[in-house]
Amino acid sequence: MDEHQTRPHEGAGEDRLMNLLHSTASRAPATPALLRSPAADGPPSANAAQPAQPWADFGWGRLLFAPALASPADIARTLLQEAPDRRDIALYVESPQLVLAEAPNELFLDPSLLLRHALDALEPLPPPPPGVALRPLATRGDVAAANRLYRQRGMLPLDPATAWAQRQHDALAYFVAEDEASGEVVGTVLGLDHALAFGDPQGGSSLWALAVDPQSRTAGIGQALVHHVMDHFARRGRRFLDLSVMHDNHQAIALYEKLGFEPVTGFLVKRKNAHNQRIFDGGSEVAGLNVYARVIVDEARRRGIGVEVLDAEAGIFKLRHFGNEILCRESLTDLTGGVAMSWCQDKALTLRRLSAVGLRVPHQQRAGDAQADAAFLREHGAVVVKPLQGEQGRGISVDVRDEATLAQAVERAAAEGGPVLLEEFCAGEDLRIVVIGYRVVAAAVRRPAQVAGDGRSSVRELIERHSARRAAATSGESRIPLDAETERCLATQGFTWDSVPAEGQVVRARLTANLHTGGTIHDVTAQLHPRLREAAESAARALRIPVTGLDFLVPAVDQPDYVVIEANERPGLANHEPQPVVQRFVDLLFPQTV
């Protein structure tokens, strides 16, 4: 078909879209209406309560029940009512091509699979993992905790007011998984009763927005939440539970198939928006970017800032907005000068500069002479061995206390290339403070990787499973290395690779807390002592670096004592939810887009 033949069709599509938008503007409510609570519960019947409208508002967007909408035009029109910063989904669309034809530039066919588990017979509910309790969402704190998990997983958070108003609605089921020891919410899921919400004659239900804390050392939380939702709806007499999963999420598909879910025919349609862009455009422009570059690119595109990827593997891209152009490598930009780079990359120069402006730093010396190394160890009792120029925790040994281990640690650090540093070991919590525009925007405690025994699995098996979960949750960024340093750490606790820890027994896998070696990160911005905030901002000014991640060791985050051990010129901004670090970063680069 030549160009001239396509123009009338395109024009017709634009006219149809304008008509739909005009109709939407006159009919759409200011905010999506909540479900009206039905009069009764129970299996679908002729007396089932009729819904107020053919959608349910979860708090991050609406689920549109397509069979309850009169026509493809109605489905398209309702999707075009999507509120800002929401993600609506039309489920069970029978003729998606007709819906897309109504607004071809605004809607797209979601490439997700629909999976179904029959609920005909009530099966015994498997127990949750040890130390984990499953319960309904009950407090406003639960909503905030669920949103923390959603942000960690790159999912849209719940609108707190909507979720709180909907929590007791019979058609909606908000569940959380709670760590009984810490009281922290480590998982969450939403369920929807189609019979109560829409009068569905098939008696169906569905599961949405499953999220598990990627830092939890307990396995099986996601499976337990799925089983809990299945049991909840089976007890109501619902006939099946459906869920959607991206077609290329092979790990999730394999898990659901293991749980007994089977594929069914069905289509989902969504509106094109910034949150869905990576799905409907195929991600070709930003394919290959790691998570640290991707979060910045996503925020830039959401603001209408142009993105040009120059080297996806290296995370290098260009941002452009009305003639203002900035080159980035993840969070490193043109705004960071050459001298600042030198100060940060050379750990000895970093501490020398920070000491010169009165900040507290540990003692250091270069490794190399065996006698001098041993003397430094005797002077301090315990040392850290690290490459002079390194990142992501590679080649670092912590709390080295004898000369034989010291020699091995120096050799391991030297294998990373370049000189090796010995540093006084300072006990305390590993605190990362992110400074953007010379102001603290986030603080987080980083904790070394740990696994919990189940009484059956070896330490190696526990580590491999934990690493698989962490890698899946962080796009491959976090994994516990099966190396000599992990083996040394295990030996200090009396374990080998083949040891079988008792159920619930916690095993430290590393002493370093770097995310890339399996460490976990926990937001403490609200608890940060003013002296620590002041020290971080002073360090950034001394190094003349507008975006940096400063590593502190502190006895407690709400106390003033500290030592600064490193400055990172390219901090990972994807690790600090719920703090708006990515937004503040783009604010710095393009203040006119705030």
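Contact here means heavy atoms within 4.5 Å. Axes are lines fitted to C-alpha atoms, for helices over the stretch in contact, and angles run from 0 to 180 degrees between N-to-C directions. This is a predicted model: local features need pLDDT of at least 70, side-chain atom pairs count only at pLDDT 80 or more, and totals for chains, interfaces and linings use all residues. Residues are numbered from 1 along each chain as its sequence is written, and side-chain values use heavy atoms, with hydrogens and water left out.

**Overall make-up**

- The protein has 18 helices and 27 strands. Both are DSSP runs numbered from the N terminus: helices are H or I with at least four residues, strands are E with at least two.
- Of the 594 residues in the protein, 51% are buried. Buried means under 20% relative accessible area, with a 1.4 Å probe and protein chains only.
- Among contacts with a separation of 6 or more, 69% join residues 24 or more positions apart.

- Two strands pair if DSSP finds at least two bridges between them.
- Strand 21 (residues 429-436) and strand 22 (residues 439-447) run antiparallel and are joined by 7 bridges. L431 has V445 in strand 22 as its bridge partner.

- Strand 14 (residues 316-321) and strand 15 (residues 324-329) pair over 6 bridges in the antiparallel sense. N324 in strand 15 is the bridge partner of H321.

**Helix 10 against helix 18**

- Helix 10 (residues 291-302) packs against helix 18 at an angle of about 65°, with the axes 10 Å apart.
- V295, I296 and E299 in helix 10 meet V582, Q583, F585 and V586 in helix 18.
- The residues of this contact divide into 5 nonpolar, 1 polar and 1 charged. Ala, Val, Leu, Ile, Met, Phe, Trp, Tyr, Cys and Pro count as nonpolar, Asp, Glu, Lys and Arg as charged, and the others, Gly among them, as polar.

**Helix 13 against helix 14**

- The axes of helix 13 (residues 370-380) and helix 14 (residues 403-414) come within 10 Å and cross at roughly 120°.
- That makes helix 13 oblique to helix 14. Angles under 35 degrees count as roughly parallel, over 145 as roughly antiparallel, 65 to 115 as roughly perpendicular and the rest as oblique.
- D373, A374, L377 and R378 of helix 13 make the contact with E403, L406 and V410 of helix 14. By class, the contact has 4 nonpolar, no polar and 3 charged residues.

**Helix 2**

- In helix 2 (residues 72-79), 7 of the 8 residues are buried, so the helix is largely enclosed by the rest of the structure.
- The buried residues are A73, D74, I75, A76, R77, T78 and L79.

Technical notes
Buried means under 20% relative accessible area, exposed over 50%, partly exposed in between (1.4 Å probe, protein chains only).
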